[in-house]
Amino acid sequence: MESRIEQLREKRGLIQEILAAELGITQQMLSKYERDVTLIKVDILKKIATYFNVTTDYLLGVSDVKRDLQRQMKMNETLDEYYDLIEIYKDLDSYDKEMIWSIMQTVKKVGEKRKKDNKLIEES
């Protein structure tokens, strides 16, 4: 059976290195989780569920229901807010989607660094 973590990751167009960095683990550890070689730590399972907005039961294969009602409502609110962006994105070819994804990841990292730097300045 294919790993649901792997399915979700590939559906988003993520490589293991990127998802692993987002989760604060190594690519090798993520690979072991995806291949069911090692038991997944509870804190990492929760991070993955939050990252993909799915239940832990779904990730573990206990349930085929991806989201509970509360998470589904949150997803619907998010989709409503970003609907126009999604419509534009889905019409892009795979090259452009990959480029946009890379740009968004870079902007996110720069923003996180800026927040961290600002926090350090405020604490000084």
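**Pocket lining and a helix crossing**

Me: With ten residues, α6 contributes the most to the lining of the largest pocket. What kind of model is this?

Reply: It is a predicted model, where local features need pLDDT of at least 70, side-chain atom pairs count only at pLDDT 80 or more, and totals for chains, interfaces and linings use all residues. Residues are numbered from 1 along each chain as its sequence is written, and side-chain values use heavy atoms, without hydrogens and water.

Me: What makes up the protein chain, helices or strands?

Reply: The chain has seven helices and zero strands. Read from the N terminus, the order is α-α-α-α-α-α-α. Helices are DSSP runs of H or I with at least four residues, and strands are runs of E with at least two. The C-alpha trace spans about 45 × 40 × 30 Å along its principal axes.

Me: Why are α2 and α4 called roughly perpendicular?

Reply: The axes of α2 (residues 16–23) and α4 (residues 42–52) cross at roughly 110° and come within 10 Å. Angles of 65 to 115 degrees count as roughly perpendicular, so α2 is roughly perpendicular to α4. The crossing is right-handed.

Me: Which residues make the contact between α2 and α4?

Reply: On α2 they are Leu19, Glu22 and Leu23. On α4 they are Ile44, Lys47, Ile48, Tyr51 and Phe52. Contact means heavy atoms within 4.5 Å.

Me: How do the residues of that contact divide by class?

Reply: Six are nonpolar, none is polar and two are charged. Glu22 of α2 and Lys47 of α4 belong to the contact, and Glu and Lys count as charged.

Me: What is the volume of the largest pocket, and which residues lie closest to its centre?

Reply: The volume is about 1100 Å³. The lining has 23 residues, and Arg12, Met75, Leu79, Ile86 and Trp101 are the closest to the centre. Lining residues have an atom within 4 Å of a pocket point.

Me: Which helices supply at least two residues each to this lining?

Reply: They are α1 (4–11), α4, α6 (69–90) and α7 (94–123). By class, the lining has 14 nonpolar, three polar and six charged residues.

Me: Where is Val65, and what does Val65 touch?

Reply: Val65 sits in the loop between α5 (56–60) and α6. Leaving out residues up to four places away in sequence, Val65 touches Thr55 and Tyr58. Thr55 is ten residues from Val65 in sequence, with 7.8 Å between their C-alpha atoms.

Definitions and conventions. Axes fitted to C-alpha atoms, helices over the stretch in contact; angles between N-to-C directions. Parallel < 35°, antiparallel > 145°, perpendicular 65-115°, else oblique. Left-handed = near helix turned anticlockwise from the far one by under 90°. 1 Å grid on protein atoms, 1.4 Å probe; cavity = no way out; pocket = protein on both sides within 12 Å on 5 of 7 lines; lining within 4 Å. Points joined across faces, edges and corners; volume = space filled by probe spheres on them.
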